[in-house]
Amino acid sequence: MPQMESELLLSFVQESREHLDQLEPDLLSLESNKSDAELVNRIFRAVHSIKGASGFFGLRKILQLSHTMENLMSRVRENLLVPDKIMVDALLAGADKLRALIDDVHRSNEMNIEAESNRLQALLTGKAGVSATSSAKGLSIDPSLIEHARKKGHFFYKVHLFTHKDIKDKGKTPLDYFKKIESLGQFLDSYTDITEIDGMADALAKDLMCVFLISTVLEKDLMVIALDIPEEQIAQLTPEQIANVGPLVPPAEKPRAAVLPVAAPEQPTTPEFAGAEPEPAAALQKSTGRSRANDTIRVSVALLDDLMNIAGEMVLGRNQLLRTSESIARNVPGMHGLLQNISLVTSDLQEKVMRTRLQPVGAILGKFTRIIRDMSHQLGKKIDLKLLGEEVEFDKSVLEMLSDPLTHLIRNCADHGIEPPAEREKAGKPLTGTIRLTARHVGGQVQIEVTDDGRGLNPAQLKSKAVEKGLAKAQDTAQMTDRQAFNLIFLPGFSTAEKITDVSGRGVGMDVVRTNIEKLGGSIELDSQLGRGTRICLRLPLTLAIIPTMIVGLGERRFAMPQVNIEEIVRLGGKNRIEAVRGASVLRLRGKLLPLVALDELLGSQETGADHGRGFALVLKVGENRFGLIVQTLLDSEEIVVKPLSSYIKNCRCYSGATIMGDGKVAMILDAVGIAGLADLQFAELEKESAALALKGQADLSETQSLLVFRNAGDETFAINLVMVARIEKVRTRDIERIGQKEMLKYRDSSLRLIRLHDYMPVSRPDADPEFLYVIVPRLVKHPMGIVVTQVVDAIQSTISLDETNLMGVGILGSAVVAGKLTIFVDIYSLFEAADPENYREEKAAQPNLAGKRILLAEDTAFFRAIMTQYLKEFNCVFDVAADGLEAWEALQRHRYDLLLTDIEMPGLNGFELTQKIRASETLRHLPVVALTALAADRYVQQGREAGVDSYEIKLDKERLKATLERILGGVRGLPPPASTANANHLVNLEEVRGG
Amino acid sequence: MANRQFITFYLGDDLFGLDILLVREINRNMDITKVDRAPDCVRGLMNLRGQIVTVLDLGVRLNIGARPIGRESSCVVLKTKAELGRSSHAGLDAHSAEDLTGLLVDRIGDVVSVEEDHIEPPPAHAGGIKGLFIEGVVKLQQQLLIALDVREVLRTQGESTP
């Protein structure tokens, strides 16, 4: 029965591996927790179990090695030896060898274990002076074990077991027996007669006899029952007999049964180890800390995959059911509740099944402790690895694919990141470098961070290396920000090490890491500070089996595009025209050229002929590049169950899987990476073209503004910049309350004052209030009030040229033609001032600090220029206006200013470049620079900081702008503030902007 | 002498057979999603109670023209390697694919029982298809039954994607 035999062996191998898995982290922590009795016991038991079971199979080498390790551990347990690095090293080496032996169990007897064995032996003999001649041939019992057991009042037994008669034929495994013995008492030693057998198969085929020596509190008749074997196979020994039992030579010699008169045990416990509380037998298997619980069972992954699949189908089935029974449910009493119940249970089921596939990330993080330990030896560095969030759970498939990239990152940190102790000392850092590995959940994703406090990356070095290797052009790298320079590391063929070491230079670069992470639907980010350390952040989906997608239509068919790939969706038509550049279709999106691919053309499908100009473009991100995929229709966003593709379709390149939709039809899942490759997009070419275009058509660069267009009376159209709008509320006219002359609206526990445009501005008054009114609640003001309007027309994107002279008055910024209609631009600040003079006048009065300050405003957009000019006038500043960066630069050469207020996106010389130039200039480098942006995007903040910007302000936020100007210019009259002040301001303020 | 049972089906007027042990089920669902850029012989994907079946157009595979979908069109769904590996008939799994695969045919015929020694070796050509795809031929009373070599039919090697 070959199957039976291999099953027995398999279970041995599997269990031993588990023991080894636990053994390694335990050994590692042994070094720092030398006196942890529980830990020592756990290690002892693991080795002991392997030894015990290996005896059954005649695995001599495993037996011998584990026996030696066990001996060593028992010395430690009795405090005869103190574990040190050398010992842990030896034990680790032993554990590694054991693993190798167990991995190739059939040939284990031919393997060489001398090195490991001798190393351990040396520790045994050298330190403790005990000459434990461990040999697999017989039983040699540690005298201390016997003494220990005797003290506890144990009986000693010699038990004969036959592999076939007693074990296999009763449907048990040797391990069962072994466990049973462990639960009855203390297992002392075992021996299997393997003299007659050769090879594993033989060992399993023959009915072999095994001999056990056991100490237990149980009397002989109870042992017979407990072990379920004939009485004559159990022999009781005296402690003296057992001590001298020597190399046991089995068959015939049957020890005489002799009852030993010993004192009755005080407690019916199994022998416990020195110092430890007596524990029930079952607790022996349990241990403290991070060991496995016993109430788990092993289930094959294939079965879980099936379950997962079925649960997914069940969800789809439920969705279909809900859809089709909608009409029935209304007419049948109770049906609705029933459906709801099924719906809930199904969701629950799916979630639970999904969780069965989740594993704590600690399962792979654990091995890094070992890697770091080994590496720090090799490299002569001191490195401390801190693991956080080991309990965070991941889908098994994600976890498996994550292991390699993470290993690479950790090795990189240890090899390139952390400096040698001498270098660290020189830099004034603690000698021991720290690598921190943190896993945590962040909004439906898992984030893994690898940080080190090493030397960090040197952007200049990265740039020159990239140029040297021909991966980038010198003129390109010159313009790169630090962050962009860090990203060079992800280019294929880039390696930062001066020389390839055997530690981390393994032929795979960071590009492979990034590819692997992106394959998992994740992203990788790198940040570094020279001399301070590096931070790498991975973001990954929880599971790969169910993914959120956008469903798009092509004729009758549907396709699913994973949402991780989609950056945004652009409706084509109108302003978003498809243009041709060098024969390729592109879309001009915010001043950049986006290459386009039409899905129908790509697929060569017959359903073409649709007008691409009227579809949608999914803006997809592939690595650093973006492209647009033109689709005809946009259907829905849906979570789908991913099914693998058959081998016939795998080579199509444009699909990553298939799925079954709610109506039972099959839909293909599109693969953004594959599509980009298939369409052979020339990203680099377009990049150049984009730049050229930006220089040529400056008009295209003028910022478009998001406007909220609304009406108050008749056709009179108003607009506010959307940046200024916090929200719009639709309210019933009768819900508005009057208090004196003022109108108020109850809003979220407080009340909001409402104002009407016609009360303060020279505009028409509506005849009567309609049933519903809209209230625009502005942001960026100190004392918000709601602006009542009768109709909200639209939110539009438009470039406008503001006319400030045609229409003037309170609350009016100016007028412009928007979408063919003359539109009044509302100045919220002056409107509010008029409506609430108490609050706003006061502010106005309190601004002497800015009076007379000389400010240069660089702004290319007329609209913003007009607004900023007004603000500066109100601040009583003296100011000049430059229409772009170059003009500003010239003005700076001619006049002296207290501060530069600059837009970022400008033709010619942009705000960052202008700032860089200023910082590089001998005379101007102390000039405070405040950058203006439509939105404080993080990357701008970063970029601005690198360029040397002192502060960041959101355009139109008058209050904040004033505050910032006051802070920077306050107290200093007409003179540039000293560098230190400027720097301090800049740091504080960047933090603020980032936080907000 | 051992008997073998064949599921028979028509492509045009020609009668073909597959060993019944290899067949999982016959399906009349013709809701097949076309897969662009897939090899010609792939008709598309079909949902079989939550599992995805790759449907091959047997006509294309045998070089006798794509099958039009008609009233009697059927899909012969084959057992996968894993399924065959579990069965008691050892060695059959070599004759199937890893993934769930179906063959599109014009019309299903009867189940025919044939004595093993009545199966004749494949001729160079039969019914306009290459001998390569034929495991053997059986002379039935009215017609010639061409037993297909599934292994060859399912072979993906040499198939190039466009």
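Guide: Let's start with strand β8 of chain B, which is covered on both faces: B:Thr101, B:Leu103 and B:Val105 are buried on one side, and B:Gly102 and B:Leu104 are buried on the other. Keep in mind as we go that this is a predicted model. The strand covers residues 101-105, and five of its five residues are buried, so β8(B) is largely enclosed by the rest of the structure.

Now for the strands beside it. In general, strands of a sheet pair through backbone hydrogen bonds, and they can do that in a parallel or an antiparallel way. Here you get to see both. Strand β6 of chain B (residues 51-57) pairs with β8(B) in the parallel sense, over four bridges. If you want a spot to look for on screen, find B:Val55, whose bridge partner in β8(B) is B:Gly102. Strand β7 of chain B (residues 74-78) is also joined to β8(B) by four bridges, but these two run antiparallel. There, B:Ser74 has B:Val105 of β8(B) as its bridge partner.

Take β4(B) as an example: two bridges join it to strand β5 of chain B (residues 42-48), and the two run antiparallel. In that pair, B:Thr33 stands opposite B:Leu45 of β5(B).

So much for the sheet; what about the other chain? In all, 21 residues of chain A are in contact with 19 residues of chain B. On the chain A side, α12 (301-324), β21 (655-660) and β22 (666-670) each supply at least two of the touching residues. β22(A) gives the most, with three residues. Sort that side of chain A by class and you get ten nonpolar, seven polar and four charged residues.

One of its strands, β12 (residues 546-554), holds A:Ile551. This residue has 20 C-beta neighbours inside 10 Å, which is why A:Ile551 counts as buried. Leaving aside neighbours within four places in sequence, A:Ile551 is in contact with A:Arg558, A:Ala560, A:Leu635, A:Asp636 and A:Glu638. Its C-alpha atom is also 9.1 Å from that of A:Ala667, although A:Ile551 and A:Ala667 are 116 residues apart along the chain.

One last stop, for a look at two helices. In chain A, α15 (residues 362-379) and α16 (residues 396-417) pack at an angle of about 25°, with their axes 10 Å apart. That angle makes α15(A) roughly parallel to α16(A). The crossing of α15(A) past α16(A) is right-handed. Among the residues that meet here are A:Phe368 and A:Met375 from α15(A), and A:Leu402 and A:Ile410 from α16(A). By class, this contact has twelve nonpolar, three polar and two charged residues.

Terms used
Residues are numbered from 1 along each chain as its sequence is written. Chains are lettered from A and ligands numbered from 1 in the order in which they are written. This is a predicted model: local features need pLDDT of at least 70, side-chain atom pairs count only at pLDDT 80 or more; totals for chains, interfaces and linings use all residues. Two residues are in contact if their C-beta atoms, placed from the backbone, lie within 7 Å. Ala, Val, Leu, Ile, Met, Phe, Trp, Tyr, Cys and Pro count as nonpolar, Asp, Glu, Lys and Arg as charged, and the others, Gly among them, as polar. A residue is buried if 20 or more other C-beta atoms lie within 10 Å of its own, exposed if 12 or fewer, and partly exposed in between; C-beta atoms are placed from the backbone. Axes are lines fitted to C-alpha atoms, for helices over the stretch in contact, and angles run from 0 to 180 degrees between N-to-C directions. Angles under 35 degrees count as roughly parallel, over 145 as roughly antiparallel, 65 to 115 as roughly perpendicular and the rest as oblique. A crossing is left-handed if the near helix is turned anticlockwise from the far one by less than a right angle, and right-handed if clockwise. Two strands pair if DSSP finds at least two bridges between them.
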